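Biologist: I am new to this model. Please show me how to read its features, one at a time.

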Amino acid sequence: MAFYFKEPCHTFNEYLLVPGYSSSECTPDNVSLKTPLTKFRKGEQPDITLNIPMTSSIMQSVSNDTLAVALAKEGGLSFIYGSQSIEAEAAMVGRVKAYKAGFVPSDSNIKPDQTLADILELKKKTGHSTVAVTDDGTGTGKLLGVVTSRDYRISRMPVETQVHTFMTPIEKVISAPMGATLSECNDIIWEKKLNALPVLDQDGRLHYFVFRKDYSAHKENASELLDDKKRYMVGAGINTRDYKERIPALLEAGADVLCIDSSEGYSDWQKMTLSWVREQYGDSVKIGAGNVVDGDGFRFLADAGVDFVKIGIGGGSICITRETKGIGRGQATAVIEVAQARDEYYKETGVYVPICSDGGIVYDHHLTLALAMGADFVMLGRYFSRFDESPTNKVNINGQYMKEYWGEGSNRARNWQRYDQGGAKKLSFEEGVDSYVPYAGSLKDNVQTTLYKVKSTMCNCGALTIRELQQKAKLTLVSSTSIVEGGAHDVLLKDSVNNQSK
Ligand SMILES: NC(=O)C1=CN([C@@H]2O[C@H](COP(=O)(O)OP(=O)(O)OC[C@H]3O[C@@H](n4cnc5c(N)ncnc54)[C@H](O)[C@@H]3O)[C@@H](O)[C@H]2O)C=CC1
Ligand SMILES: O=c1[nH]c(=O)c2[nH+]cn([C@@H]3O[C@H](COP(=O)(O)O)[C@@H](O)[C@H]3O)c2[nH]1
Ligand SMILES: [K+]
């Protein structure tokens, strides 16, 4: 006979935290959100600790190098998406590791025999007014000159005018050599009253620009997630097929941690992949796996040598796995049960294997609930897809700005294999949708607001650390009528009244 779970499963929305005693020391400023990413033995420290409990989803529409840098600056970690060629993924990882705050690779570049019309076109495309003139028209070619809006007057010059006739030629361009520090570059910028300073190697090839306006934005952030060489940390998604080729390339590019990306982690494929990693690299390579939704799945992966376990099937905003395949479990119940299994495993073996709640975080307080239920950190897709730094297009729909967001199980995401080396796999049915999400501005502002809310709720529960929250939290299921009570009710919202009268 089939096994039946005794209780129905629940989602985050069905739970509330009941406040505990808060001492006067319990203020948001005193809260630490540091949390383990990788497994550790009792009494030891994990090799990787996150400064905030947030990671970004292994998805094309979420985690590229730009988002990874922005999130590492705040203390979290991105997992670069694996649904692209090995070379392309390794290149993204490489760009995060090579990133130097304040040193910007040039994205507006042109050849000297191109025209003013091309400059105007480029400016429209990139929105940037500093254009590098290089021998090959790329951002890494030999620098021949620079064009800014001070170099041309549209009203006085025919658009056919060639760039080399009006650019500031290299002889007159002030530059810095490779190896100059950000503060040295800023000194030159101030002394010579420049807006942009190109950084060149010995052969005169362009590597970066340093811009005057960026200076204040690049002051150090205390919670940045850095490796021992002060580079931003980054993770990378892998699959259970081409791992023998993909993993070496990702490690070579500098990936700090890997994660097997799949809807279902309780499988021989994942065990084989984990065993291969341990045989090849011992414990020096850090690797997470998933996804699971019960204690059995957790134990299977823990025994197979995983560094962390990811939880969640079908709860994501773009997921339709529960509808198409009928598998999954309410995310809150899944987290609670896996957390119990994690604690039992720790008691038995003395090894603490961190767990990640992946998908289904809709409101900021869901993050706090996930942590209170035992998650060590969370993974978010929709949340990050709304920001400037996500890789997708920002579009205007009926006067409102939106960003695109699509699932890894959607046709749109899986199409890459047709054009790449991933092997032509025909998609028999979709497990994800292609969607829009409301544009929400910069990652930094949003993450800081979210975490301030998390910290103040932790204070309500009398917890100054995530571990303390997990131990002290008092959680209650709510009835459907008390969910109604929790929203604004029995009042007419001014916004809706005003909109109706328009
Ligand atoms: N968290 C969630 O609820 C869900 C997530 N997704 C996302 O969609 C993407 C694709 O997920 P999946 O379809 O689960 O990918 P997957 O690659 O893990 O599995 C696809 C199929 O290939 C099989 N397979 C795996 N390794 C194999 C090997 N070495 N040889 C032969 N067969 C093998 C699996 O058993 C499965 O039937 C991922 O990014 C995943 O995160 C998709 C659905 C649900
Ligand atoms: O059923 C699915 N079909 C898909 O196409 C798909 N793509 C991503 N994911 C999973 O959803 C998580 C992101 O969820 P949120 O947008 O709710 O943060 C991600 O982190 C994944 O775990 C998918 N699940
Ligand atoms: K869903």
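Biologist: Into which domains is the chain divided?

Modeller: Domain bounds come from an automatic or database domain assignment. Here the chain splits into domain 1 (12–100 + 222–485) and domain 2 (109–214). Their centres, taken over C-alpha atoms, are separated by 40 Å. This is a predicted model: local features need pLDDT of at least 70, side-chain atom pairs count only at pLDDT 80 or more, and totals for chains, interfaces and linings use all residues. Residues are numbered from 1 along each chain as written, ligands are numbered from 1 in the order written, and side-chain values use heavy atoms, without hydrogens and water.

Biologist: Which residues coordinate the potassium ion (ligand 3)?

Modeller: Donors are N, O and S atoms within 2.8 Å of the metal (3.2 Å for Na, K and Ca); water is not among the atoms, so sites may look incomplete. For this ion, Gly 314 (O), Gly 316 (O) and Cys 319 (O) coordinate at 2.7 to 3.0 Å. Their spacing in sequence is G-x1-G-x2-C.

Biologist: Which residues come nearest to ligand 2?

Modeller: A residue is near a molecule if one of its heavy atoms lies within 4 Å of it. Around ligand 2 there are 23 residues, of which Cys 319, Asp 358, Tyr 405, Gly 409 and Glu 431 come nearest.
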